[in-house]
Every structure is written in structure tokens, then in C-alpha cells.
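Dear colleague,

I am passing on the structure we spoke about, together with some notes on what I found in it. Please keep it open beside this message while you read.

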Amino acid sequence: MNTARFSLSAVRAPRLIFAGSALLYLLTGAFVTAGRGYLMGDALSRVSATQSALFSRDPHLSAIGFVFTPLTSLAQLPFVAFSPWFPGITRWGLSGVLMTALFMAGAVVMVWGIGTDRGAPQWLCVLVTAVFALNPMVVFYGGNGMSEALFLFCLCWAVRRLMRWVRTDGVHDLVACGIALGLGYLTRYDALAPAAAAAVVVFAVSYYRRRHDDYRFSGAAMDLTLVIAPVVLAFVVWAATSWLITGEAFQQFTSQYGNTAILAQSGAAAPEHPFAALQYSLGAMLILSPVLPLLLPVTAALAVWRRDLQAAVPMLLCGAVLAFQILSYATGSTFAFLRFYVAVIPLAAMLVLLLPPARGFPPSRRLGRYADKPGIAAPTAPSRSARGSVGAAVAAAALVASLPVTTLGMSNQLMAVQEYALGAVLFPDPDNASARYADQARIAATFSTGRKLADYIDALHLPPGSVVMDTVYGFAVLVASDQPDRYVIPSDRDFVRVLNRPAERKVTYILAVPNSGRGTSDAVNRRYPSMYENGAQIATLELEIPNDGAGSPDWRLYRVIGS
């Protein structure tokens, strides 16, 4: 009877955790986006790409674009499909909110699963899972449509299954880890780092296990192939598809819309000194997990003492992600964003779960030849077990105490440029006349002008294909429109022909942005460099729209001569 109850609890608990977490992130995300109008640019641009694949004037799947990996957009397709009946799904980025709520809830379940797989005390599993789920960065990125939720889910899934494989030697665990890493690559390019770390772990462990085997190298190579093949497949298929359709295999680095171009257009430069880059990176990780400097050496020492190979998995996989971000920022190939170091949050949670010795045995479909013996782990002396429980309790309490530090760090403008505006969003104060509050309010209103412009154009009741614009900034207008097929955008296969002869193609308006900064990559400016200034002798100024928010340009709407 006790076994049946435990089994039933083990089945119900993940479902309850998933449902509760998803509901929390969904409600929070809907409140921040639709309720307060605070939308993240990268999230909204992915909604725009998904919408273009379904409801543009030239719908096709490749309209999701090839600058960023596709899974974040593809995962929103089922939700965006309902946008003709519920326009708020795209206007307020709710498709992204739904997507991130589900995947961040999945990441929470994976953290819970890591604890239960090891047989950690139930109170510790509950506490660590709750602290992870309620971390303010996890809550925010669990409901804002960004790629962090999907990436963390794939990372935690890969860590959990690789930790299982260390004890079960099960082929199913190895294949699942590889699939998780492959999907992680289709979410973020960062996943190549943990994939490389997983490859090293699998080959080293498998090679050591077969030290008395005649086929030592070939057996280890087979295990390596199982875990790395999905990543290689995802890498090759995505690059080949991009090359076949666009002529460029890696648009993130070569396209005018890619990250490399964005950095150059934004005037971003590498830190003056590697020490300055390291200082920011360490500061970001300490904001997100202040207890990490204590947890890492203690957990590592315990793992060596116990010969616990499982502890190496989260350290190496999550550590590879963090090392990749530190190196990327130091070389000037990415921005100083707090969210890039979010992998430190699940790492800290996993380290706390690793403090007590492993008990029991993780579930497995089929044990491998070199699996540990199933059943209860080797008995631990009562005094050592008690010390382990006390240490875990202290670490868990420190984890709880770190939440206010993270909350405070997210309000720091220098360290959290994308998050610090949340203060004005969650606690609006119209009477506050400080410069800081005004800056926060402008950031929160970044895409409000795009929505107003979309409403103005919608009120003109123009036929499809009447407005030409690029989506460098225009994605905010596109997602807010009731009829996105009114716009001719770069993903349309006849975009260049329409842009070259707008009057002949029955275009009424051209939406222009300044030919500076990121506006230099705007296709309209590249074809007509003086369009924003004087209409390039093909259009006359109809309307100028000053932007209310930060980070977006003032718009000009030009009427095409002869339209």
C-alpha cells in the first residue's frame, strides 16, 4: 500500500507542479504584457515572424527567418493560428507568453525530477523546486515570450537524463539527452557549448567503464554518437536549409539583420579590458545566484569524496553555457544582458539537490551493461547522513535568502538594462518626476507607438499590399495590425520587385525610419537612402509619428507619388 501511494504521488506531483507553475507564469506574463503594455523586442519580433508564416500577404514557413534558430517561433504556430479570432494573441505577444509559460513550467518539473531521481529528501525537493520556480528572473522570463524558458527547459532536460545515464547506462537516457541538446540548439546557438561538454562526459565515462573491454574505444564512440548525433543533425539541417533558401548558411553572423550587424549598428564595442568583461559576468552571476561561490566547492568536494559522477554533469553542462557567455561578451560578440547568465539559477538549485548522498535508483526503461546495481544506495553512517541533511538545509535556506538579492539586482540599470524598467511597470507612479522613473516609463512604452501607428493604418481600410516597410523596427507595427497582409515585408518573395516599382505595384504608402543606427539595415533605406529625409523623389510626406518609447525611432509615413 505504501509503495502504491508513493507511486501515485510520484505521478501526480510533476503534473501539479507543471500546472501550478504554468498558471503562475501565464498570469504574470499576461499582466505584464497585455495588462501593463511591457513587451520585449526579441519576443515580439519572433511573434511577428510566426505571424508572417501564417497570415502575411505571402504566407510560407520560411518567413520565420534564418537569423535566429527556429524553435521559439515554431512553438508559437499553434497559438498564432488563432490570432484572426483573438488579435491580442499577436498584438500583446500572448502567443509568446503561452509558449514560455509552458516551457518554463517544464524546466521546473525537470528540477523536481533531478531531486526525486537521486532520492533526495522530499522536503528538500519541494523547497528547492519552489525557490527555483519563484525566482524573479524565472518568473519574468517564464511569461515574456523570450527564448530563455525554452532554452532552460532543454538544458535542464539534458542534465537530468545525462545524470540518469551515469547510473543506469541506459540507451534511452542517452538518446533523450541528445534530443534535448538538439532542440536546445534549435532554440539558441549557445547549446553548442553544453553539447560539447556532454560529449566529453559521455566519452570519458564510457571509455573508463570499458577499461576491461576488448571494444573499449568503439563502445565509447558509439555512446558519443548517440548523444551528439541529434545536435549534429540539427546543426547541419538548419544551416543547409538556410543556405538553400537564402544563400547564407549562418545569417546570425553574415546577414544585415544578424547579431554581428546589430552590434555594429548599435555602436556596441568589446569591453575595454578582459577584466572588465569578467567583472560584469561575475557580477551578473552573483546577482542571479549569490550562493554559488559557496555551493560549487562544497558540492565538488563531496562529489570527489563520494565518487559521485552525477555531480559533474550539471557543473559541466551549465558551466559550459556560462563560460560561453563570458567569452562571447569579452570578445564583443554579444551584449551585456543579465538574462544571458540565467543558467546559473538552475545550476544552483541542482547543486543543493546534490548535497545529500544519492539514495534509491532512478527509473530506467532498460539498464545498460555498466549500470549501478538497482535498489537502495550503499548505506550511509547516521552521523554523515545527519550532517548531509543539515548542510542541505543550510544551503536551501541560503537559496531562499538569495531571492531578494536577485530582485534588487534586477532593478539595477547598469547590470540589468532589460529588466530594471519592471519597477515602473509593476508599481506605476504618475506623480514620480525623477529621471530614473521617466527612463523606466519610456522603456516600458517602447512599442506603444507601433501599436498606435498600426491602428491608424488599419483605420484607412487599405487593400492588401498597400504599405511597404522593413521589419527591422516594423515588426511592432505588423503584430498590432488587424490585417497584416496590408504590409509588404522582406519575407514576401516579391518584396524586391515591389520596392523597386512601388507605384506600378499599387503601393500607397512607404513606412520609413531614420537612415542611422539599426536603420541602416532597413531595406527601404538601402534601396532609397534619402527616403526618410525627403521621400527619395518617389513619395511625399503624409505623416510624422514621434516615438513615445525608448530604443525605437520616429516614424514617417510617405505616400507614393502616382498611387
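In this model, which is a predicted one, helix H11 passes helix H17 in a right-handed crossing. Two packed helices are described by the angle between their axes and the distance between the axes. For H11, which covers residues 192-209, and H17, which covers residues 312-330, that angle is about 140°, and the axes lie 8 Å apart. On the H11 side the residues that meet H17 are Ala193, Pro194, Ala197, Ala198 and Val201, and on the H17 side their partners are Leu316, Leu317, Ala320, Val321 and Phe324. Sorted by class, this contact consists of 10 nonpolar residues, with no polar and no charged ones.

Because 21 of the 21 residues of H9 are buried, the helix is largely enclosed by the rest of the structure.

Is Arg164 itself buried or exposed? Its relative accessible area is 11%, and Arg164 therefore counts as buried, since the cut-off is under 20%. The side chain of Arg164 makes a polar contact, at 3.0 Å, with the side chain of Asp117. If its neighbours within four places in sequence are left aside, Arg164 is in contact with Asp117, Asp169, Asp173, Gln310, Pro362 and Pro363.

With best wishes

How values were computed. Residues numbered from 1 in each chain as written. Predicted model: local features only at pLDDT ≥ 70, side-chain atom pairs only at ≥ 80, totals over all residues. Heavy atoms only, no water. Axes fitted to C-alpha atoms, helices over the stretch in contact; angles between N-to-C directions. Helix = DSSP H or I, 4+ residues; strand = E, 2+ residues; numbered from the N terminus. Left-handed = near helix turned anticlockwise from the far one by under 90°. Contact = heavy atoms within 4.5 Å. Nonpolar A, V, L, I, M, F, W, Y, C, P; charged D, E, K, R; others polar. Buried < 20%, exposed > 50% of the residue type's maximum accessible area, 1.4 Å probe, protein only. Polar contact = N/O pair within 3.5 Å; in protein donor to acceptor, adjacent residues only side chain to side chain.
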